[in-house]
Amino acid sequence: MAELPRETHVLDAVVSLVDTLLDDFDVVDLLIQLTEQCAALLDIASAGLLLADPRSRLHLMAATTRKTRDLELFQLQSHEGPCLDSYASGQPISVVDLQSEHQRWPRFAAAATEAGFASIHAVPIRAASTVLGALGLFGTNVGKLNSADLLVGRTLAHVACVAILQERAPTAQTVLSPLRNALVSRIVVDQATGFLHEHFDLPLDEAFTLLRRYARDHNKHLTDVSRQLVTEPDARRLLLPEIARVASDPSLTDSPTASASNRKDTAEGL
């Protein structure tokens with residue numbers, strides 16, 4: 001069977017994301033899906049997404065790999081990097097060779113190179129004249145993205161904007177509430193991931209994979225499940241045995257979470 005052309009995969013991804021927007025969706029999970037689609041469709045190795053709070057402070061919302069997550073966080077801590085500059089200027093920034101940017105971003109360029117990245121492209125997430133954040137596209141090879149990849153990147157950034165605003169008009173008043181909700185939701189998801197990390201004795205990335213898999217398998221919002229784990233003891237006691245069963249599912253062959261239920265598979269002691 002002939003392989004489908006790349007354009008078909010791109011259209012399928014966009015249609016899938018838009019379909020999600022037209023249904024009852026979880027904004028954190030959708031932004032994670034969006035970065036995963038970027039990594040799968042574009043000539044890059046990974047992707048990350050930063051979102052600003054009402055005080056214009058950027059926060060990490062999604063990253064497809066641990067290295068990308070760490071590098072995005074390093075940008076925020078060191079106050080330098082292409083994603084920060086793209087957010088500040090509202091313009092896309094293309095770094096075709098990180099070796100030539102050590103003077104511009106000395107700490108970030110060194111950290112990115114050490115992490116194995118050679119090129120980075122940042123796309124602002126905009127709502128009219130308001131910049132909400134930045135989408136970072138990280139490559140392991142030197143070179144620029146072609147025009148088709150840049151167009152796909154901008155399109156997915158627009159999808160992210162619509163997801164955050166939930167179809168509300170991009171005014172100063174309507175932007176603040178969805179931004180705040182998205183940021184709070186991300187914090188709750190991180191707290192729930194940390195809880196599963198401790199409870200099941202899992203690495204953080206595996207704990208997050210388990211949390212997300214459970215929510216999807218049970219047709220629940222990632223944020224709702226996270227909130228129950230973090231703030232509702234009675235719900236948590238019911239959830240943990242179910243999550244342990246998901247962790248022991250043989251179909252989870254791509255993740256060591258299958259052994260989690262053998263470590264701590266009950267809610268005893270909560």
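Helices (H or I, at least four residues) and strands (E, at least two) are DSSP runs, numbered from the N terminus. Axes are lines fitted to C-alpha atoms, for helices over the stretch in contact, and angles run from 0 to 180 degrees between N-to-C directions. The model is predicted: local features need pLDDT of at least 70, side-chain atom pairs count only at pLDDT 80 or more, and totals for chains, interfaces and linings use all residues. Residues are numbered from 1 along each chain as its sequence is written, and side-chain values use heavy atoms, with hydrogens and water left out.

- Strand 1 (residues 46-52) pairs with strand 2 in the antiparallel sense over 5 bridges, and L60 in strand 2 is the bridge partner of L50.

**Helix 2 with helix 6**

- The two helices pack at an angle of about 175 degrees, with their axes 10 Å apart.
- Helix 2 and helix 6 are therefore roughly antiparallel to each other (angles under 35 degrees count as roughly parallel, over 145 as roughly antiparallel, 65 to 115 as roughly perpendicular and the rest as oblique).
- V27, L30, L31, L34, C38 and L41 of helix 2 meet D149, L156, V159, A160, A163 and I164 of helix 6; contact means heavy atoms within 4.5 Å.
- The residues of this contact divide into 11 nonpolar, no polar and 1 charged. Ala, Val, Leu, Ile, Met, Phe, Trp, Tyr, Cys and Pro count as nonpolar, Asp, Glu, Lys and Arg as charged, and the others, Gly among them, as polar.

**Helix 2 with helix 8**

- Helix 2 (residues 27-41) and helix 8 (residues 204-217) pack at an angle of about 115 degrees, and their axes are 12 Å apart.
- These two helices are therefore roughly perpendicular to each other.
- D29, I32, Q33 and E36 of helix 2 make the contact with F208, R212 and R216 of helix 8.
- By class, this contact has 2 nonpolar, 1 polar and 4 charged residues.

**Buried residues**

- A13, found in helix 1 (residues 6-21), is buried, with a relative accessible area of 2% (buried means under 20% relative accessible area, exposed over 50%, partly exposed in between, with a 1.4 Å probe and protein chains only).
- Leaving aside neighbours within four places in sequence, A13 is in contact with Q37 and L41. A13 and L34 are 21 residues apart in sequence and 8.7 Å apart in space, C-alpha to C-alpha.
- T193 has its place in helix 7 (residues 172-199) and counts as buried at 7% relative accessibility. Apart from neighbours within four places in sequence, T193 is in contact with L204, A207, F208 and L211.
- T223 lies in helix 9 (residues 222-231) and counts as buried at 6% relative accessibility. Not counting residues up to four places away in sequence, T223 touches D26, V28, S185, V188 and V189.

Key: Pairing = 2+ DSSP bridges.
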